[in-house]
Amino acid sequence: QVWLSLHPEAGGVEPGTHQARVEVSAEGTTSIQTELDVRIFDFEFPEQPTLSLGGWDYTDAGGYGLTAANRDSILQMLQDYYVDTPWATMGVMPSGAEFDAEGNLTNELNFDRWDRWVGWWPEARYYNVFQHAGTDFHGEEMGTERFTRMVGQWIAAWVEHMTEQGIEPGRLQILIYDEPNEPRESEIIAAWAKAYKAAQPEVRIWEDPRFPEPWNATEAERTVLEISDVICPNTYTFLRADQRERDAYLNAIDDDTELWFYDCSGPGKGLDPYSYHRGQMWAAMKYGALGTGYWCFTCSGGGTSWNAYAQKSIEYSPLFIGETTATRGKHMEAIREGIQDYEYFVKLRDRVDELKAQGVEDPALARAEALLQEGPERVMGPIVAGGVGWGGERDRSLMDEVRVEMLEALEALRGL
């Protein structure tokens with residue numbers, strides 16, 4: 001297979017249909033020619049797409065497959081592919097805190113690792129940090145008045161430093177405890193989240209719950225759902241769950257809480273780029289999610305992507321990670337396609353909402369509104385039924401088909 005990447009904006013190509021010819025030749029062989037029609041729609045694609053994208057890259061620390069030698073190449077690749085929500089380990093959290101007997105912060109904090117990391121991601125929409133919190137903070141057990149004061153003054157100092165850097169507190173998202181599925185884990189999240197919110201309510205709590213029975217949540221689990229700014233279920237667990245489980249998470253979404261999706265299956269190169277990597281964005285369309293994530297953009301299995309036999313563990317990355325470079329492949333291209341699919345959906349939805357608010361009635365508007373509902377369902381049905389393994393037989397043309405329908409619907413609405 002040969003893939004072509006077209007950049008009409010770089011050459012000033014006008015909207016419309018353009019004809020081209022591709023010729024492939026090699027010494028000693030007969031050249032091959034094929035005709036190519038390229039249709040450019042007359043819409044501007046934004047510099048930053050609507051859908052947030054992250055992948056537990058942990059570029060602050062290395063490991064999994066990221067090293068000092070390939071970090072620059074990986075950073076450039078991820079940023080070129082719309083990644084705007086980088087992930088860091090707890091190592092970037094302010095260090096060196098000291099407290100008095102009442103729990104007051106008594107010294108200046110160390111922000112060196114934070115400063116280095118955000119310097120690599122100056123255009124990030126959000127900065128996601130995995131805290132992996134325990135039951136105490138500097139020896140003070142969670143839930144006490146002193147604990148709350150200590151955490152509050154510490155996070156306040158962090159936010160003050162961010163403000164000096166021009167970073168609003170709402171761009172910091174903290175994953176207090178990953179994939180909570182036991183009551184004690186939710187109790188940890190609740191204690192820390194309450195302390196954070198009491199001091200800095202704009203800092204966002206990001207959680208990916210995997211509650212055994214979310215429809216029958218414990219008090220602590222309900223607190224997690226209520227206090228989190230982002231609730232991020234596992235995509236295909238969510239899609240295959242019964243309705244009461246999906247409703248338990250969907251009912252927690254309101255004006256103050258966002259739905260995101262993530263997935264963490266592997267090995268990554270055995271997953272279908274269409275169903276798994278691109279498909280997550282269509283699930284986001286169907287259910288109104290505002291962000292997506294994949295475990296893990298930098299995980300090459302403890303070796304390189306170019307020698308699977310030498311890998312020490314499962315590789316999850318959609319990239320091909322080498323000792324000094326990162327190389328794009330079908331899986332990462334599919335993620336970029338999905339981000340673009342979602343943007344076309346948003347443009348059509350916004351135009352439909354605009355025309356309806358103006359009281360417009362037109363058959364083209366009715367068809368466009370129906371497509372917003374029917375299109376994602378048409379795409380997602382076979383994926384939910386058929387799984388996400390690359391070996392499965394399925395119609396992989398549906399996303400492109402619906403994408404073009406959305407663009408044509410936008411054109412039909414242009415003059416209304």
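This is a predicted model: local features need pLDDT of at least 70, side-chain atom pairs count only at pLDDT 80 or more; totals for chains, interfaces and linings use all residues.
**Entry 1: aromatic pairs**

I then examined the pair of Phe45 and Tyr344, which is edge-to-face, with 6.1 Å centre to centre and 75° between the planes. I looked up where the two residues lie: Phe45 is in the loop between strand E2 (32–40) and strand E3 (52–54), and Tyr344 is in helix H10 (residues 330–357). The pair therefore ties together parts that are 299 residues apart in sequence. Phe45 has 27% relative accessibility and counts as partly exposed, while Tyr344, at 15%, counts as buried.

**Entry 2: Phe137 and Trp192**

I next took the rings of Phe137 and Trp192. Their centres are 5.5 Å apart and their planes stand at 80°, so I recorded the pair as edge-to-face. This pair also links distant parts of the chain, since Phe137 belongs to strand E6 (residues 136–137) and Trp192 to helix H5 (residues 183–199), 55 residues apart. I found Phe137 buried at 8% relative accessibility; Trp192 is likewise buried, at 2%.

I then asked which aromatic cluster holds Phe137 and Trp192. Both belong to one cluster that also includes Phe99, Trp114, Trp117, Tyr127, Phe147, Trp154, Trp158 and Tyr196.

**Entry 3: charges over rings**

I looked up side-chain charges placed over aromatic faces. Lys269 lies over the face of Phe320, at 4.7 Å from the ring centre. Arg336 lies over the face of Tyr81, and there I noted 4.1 Å from the ring centre.

I located Val2 in the segment before helix H1 (8–11). With a relative accessible area of 69%, Val2 is exposed.

**Entry 4: Gln280**

Is Gln280 buried or exposed? I found 0% relative accessibility for Gln280, so this residue counts as buried, the cut-off being under 20%. Gln280 lies in helix H9 (residues 273–287). I then listed what Gln280 touches, leaving aside residues up to four places away in sequence: Thr235, Tyr236, Phe261, Tyr262, Asp263, Ser275, Thr292, Gly293 and Tyr294.

How values were computed:
Residues are numbered from 1 along each chain as its sequence is written. Side-chain values use heavy atoms; hydrogens and water are left out. Rings of Phe, Tyr and Trp (its six-membered ring) pair if their centres lie within 6.5 Å; planes under 30 degrees apart count as stacked, over 60 as edge-to-face and the rest as tilted. Helices (H or I, at least four residues) and strands (E, at least two) are DSSP runs, numbered from the N terminus. Buried means under 20% relative accessible area, exposed over 50%, partly exposed in between (1.4 Å probe, protein chains only). A charge sits over a ring if NZ of Lys or CZ of Arg is within 6 Å of the ring centre and within 35 degrees of the ring normal. Contact means heavy atoms within 4.5 Å.
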